[in-house]
Amino acid sequence: MSVSTSCCAAQDTGFSSDDNVLLESSENGELQRRMQRHAASGCITKALETLNLMRNNGPGKPSTYDYNAMIRYFLKSGSVAFDELFEVYSGMKRFGPSPNLLTYQTLLNGFISVGRSKDAMYITDEMMACGFSPSFTILSKLFKKLLKTESVVDAVLLLEIMLSVNYIPSQYDISVLIQGLCHVGMVQVATSLFVKISGKGYFCGGIIYNPILWALCKSSQTCGALAFFGFLEKKGFVRSVYSYTALVYGFSKDRQWREAFLCLEEMENVGCKPSLVTYTVLIKFLCDDGKVDVALNLLEKMEERGYNPDLVVYNIVLREFCTQGRVGDVYDLIQLIDQKGLSPDMYTHAALAGGMLKRGNVEFVNKLLLNIILRHCSVDTAVYNIYLHSMCCDSNTGEALSLMQSLMEKGFRPTNRSYNIILKGLCKERKFYEAFKLFDCILWPSNGPDLISLNTVLSAACKLGNSDIVQRILWQMEHEGINLDVVSLTSLIQYYCTVGKITDCLKLVESMVINGPRPNTVTMNTLLIGLCKNHLLGLAERFFNYFKQIGVPADTTTYNILIRAFIHEGNDLMVDELLREMSSHKLRPDLGTYSCFVYALCRRGKIALVLHLRNQLRENGIPPNLFIYNTIMKAMFMKGMFWEIIDLLQDMYMDGCQPNEGSYKLLKGAKLKGWMKGSPQALQMRVFGMFGKLS
């Protein structure tokens with residue numbers, strides 16, 4: 001009965017077995033079109049449901065090609081839920097149908113096109129693990145995307161994959177990767193990559209290896225740069241003027257002048273003519289090291305060899321002349337610039353004003369910049385910032401703030417540095433209330449006060465031992481999610497030493513060593529000053545040795561702190577040992593070191609020897625500072641050397657030193673303590689008159 005019914009049914013429909021196949025094919029086609037519509041609209045759940053209906057229409061359905069089509073349409077929809085897409089891929093791997101080459105290529109292209117480089121890297125790894133090799137075109141496309149987003153670590157991993165299948169990106173792309181690695185401090189990785197690529201026989205030009213040389217030199221790894229330079233020579237790579245200039249930069253930056261000039265000589269010997277940039281680099285670092293006369297000699301040689309120094313070179317020398325207070329040379333150089341037909345630019349103004357301000361000539365800078373601004377000369381934010389700084393140095397922070405606000409009405413755009421200059425001025429004048437009002441100003445660029453702003457107020461409060469302000473700043477930093485850096489913690493070390501909380505100070509130092517941020521030279525110097533002021537010289541000496549053990553480098557200031565403390569203690573043996581140690585580390589005595597010697601000699605009453613030392617300093621181009629003059633003056637007052645004091649005041653005038661508050665306290669103290677008793681009234685009047693003249 002059932003068979004006959006079945007036959008009747010078959011007879012009634014009029015379909016043969018071939019017709020059934022066509023029906024299934026027709027149904028699959030409709031389901032495929034429906035699936036594509038759902039996927040194209042971004043609804044992958046319904047698309048999957050539609051695919052599952054195909055399972056009823058025969059074995060092998062839905063196929064890998066059906067899934068590939070769904071993925072392709074889904075990626076084109078523009079509203080992709082990537083978690084769902086990964087679930088589809090995982091389902092294909094676990095339950096079938098298995099992904100094929102087209103599946104991986106579709107996913108890779110899709111992820112690359114929407115900028116999901118991390119996901120593309122994952123799919124690349126999966127593809128390689130399954131035995132499929134992506135095409136050079138698609139990997140090159142992904143490599144460029146990674147470089148564009150500065151994902152240098154992933155780019156290195158991808159390059160390793162490309163090299164494993166003998167694909168090599170263009171020289172330009174590799175150079176971008178090398179530069180990116182150097183920029184984030186991964187110079188060793190960049191070097192290893194270069195050695196590997198060049199070892200495979202691929203051509204590598206200067207565009208690839210020169211950035212490595214420069215990165216090594218800029219990060220004070222000159223020995224490594226020299227070794228890399230030798231490697232290039234051994235392998236036959238052509239070193240250009242750019243390569244040699246990198247070495248000149250590295251040696252000059254590290255103050256290895258003999259090596260820098262030998263490198264310059266080597267360039268000329270091998271026929272690699274130094275460029276204007278090479279000379280500019282050398283002159284800049286010579287000036288930074290105070291060797292402006294050596295820089296001038298080099299400038300003369302440049303001109304003898306046919307080079308025309310540009311305004312950049314003259315601006316560098318001009319700034320150093322200003323810093324050293326060589327006013328006559330400044331005017332001569334400005335005349336030379338004019339004779340050369342060069343017009344002073346905003347950098348000239350910044351060099352002149354910045355150098356003079358560093359020298360302490362605040363009044364000169366104020367007049368100069370005001371004149372430049374009133375004459376509508378070309379000035380930039382840096383020049384305006386110097387002017388604001390000079391006003392703040394002259395205790396006119398309120399006027400500086402008013403000026404900045406009026407300039408803003410005329411189109412001036414202050415930077416965070418502009419606001420931080422005003423902040424520093426307010427803190428210097430102890431106007432913390434106004435400083436906090438400035439914090440709340442809505443006109444700050446970017447996102448308001450930055451870490452430097454907060455550290456500026458914190459540092460000022462720590463110096464004064466102002467607990468309320470310190471706590472308020474720490475609360476604000478915590479509230480805004482700003483982590484304390486080495487500057488913040490160094491300020492707190494100073495605060496603890498100022499208020500006498502030595503135990504808390506030492507706990508903080510221990511925490512920095514263990515947990516970070518790592519203490520630096522400034523941290524060490526701050527701690528040593530605090531311990532010495534609290535009469536803990538023995539503890540200071542132990543910490544000095546401890547910091548050396550953990551690799552914190554000492555500078556000239558470090559030794560000056562300890563030398564001064566041991567002079568005060570009368571420990572000449574330790575002073576000699578520290579001086580020998582300075583010499584062994586190639587640290588040269590500076591004005592602070594000589595100030596220590598002046599202090600020691602004055603304590604012993606050896607005025608003649610002190611004056612001889614002062615004269616030597618002047619002959620060596622190191623003008624004595626006000627501390628030295630005040631120290632000598634005090635010793636002279638104590639010994640009743642009033643005629644000599646008049647000569648000393650005249651020397652002060654010649655060296656451009658004006659009496660400060662300490663000088664007047666010294667004069668007042670000399671009279672109160674009776675040091676001037678017995679000297680003629682006319683002589684006393686002359687001393688007071690000289691003070692008035694200097695002021």
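Biologist: Let's start with a loop: where does Pro517 lie?

Modeller: Helices here are DSSP runs of H or I, at least four residues long, numbered from the N terminus. Pro517 sits in the loop between helix H29 (502-515) and helix H30 (521-533). The peptide bond leading from Gly516 into Pro517 is cis, with omega near -10°. A word on the source: this is a predicted model, where local features need pLDDT of at least 70, side-chain atom pairs count only at pLDDT 80 or more, and totals for chains, interfaces and linings use all residues. Residues are numbered from 1 along each chain as its sequence is written, and side-chain values use heavy atoms, with hydrogens and water left out.

Biologist: Which loop holds Ser220, and what is its phi?

Modeller: Look between helix H12 (206-218) and helix H13 (222-234) for Ser220. Its phi is near 60°, a positive value in a residue other than glycine.

Biologist: Is Ser220 buried, partly exposed or exposed?

Modeller: Read relative accessible area like this: under 20% is buried, over 50% exposed, and in between partly exposed (1.4 Å probe, protein chains only). Ser220 has 41% relative accessibility, so it counts as partly exposed. His535 also has a positive phi, about 60°, although it is not a glycine. You'll find His535 in the loop between H30 and H31, and with a relative accessible area of 74% it is exposed.

Biologist: At what angle do H31 and H32 pack?

Modeller: Axes are lines fitted to C-alpha atoms over the stretch in contact, and angles run from 0 to 180 degrees between N-to-C directions. H31 (residues 537-549) and H32 (residues 556-569) pack at about 150°, with their axes 11 Å apart. That makes H31 roughly antiparallel to H32 (over 145 degrees).

Biologist: Which residues make that contact?

Modeller: Contact means heavy atoms within 4.5 Å. H31 brings Leu537, Ala540, Glu541 and Phe544, while H32 brings Thr558, Tyr559, Leu562, Ala565, Phe566 and Glu569.

Biologist: And how many residues are in the largest nonpolar core?

Modeller: The general idea is that nonpolar side chains tend to be buried together in soluble globular proteins. A core is a set of buried Ala, Val, Leu, Ile, Met, Phe, Trp, Tyr and Cys residues joined through side-chain atoms within 4.5 Å. The largest one here has 188 residues, and those with the most contacts inside it are Leu85, Leu177 and Ile283. Leaving aside neighbours within four places in sequence, Leu85 is in contact with Ile44, Ile71, Phe74, Leu75, Val80, Leu107 and Phe111. Apart from that core lies another, of 24 residues, among them Leu601, Met633, Met652 and Leu667.

Technical notes. Helix = DSSP H or I, 4+ residues; strand = E, 2+ residues; numbered from the N terminus. Parallel < 35°, antiparallel > 145°, perpendicular 65-115°, else oblique.
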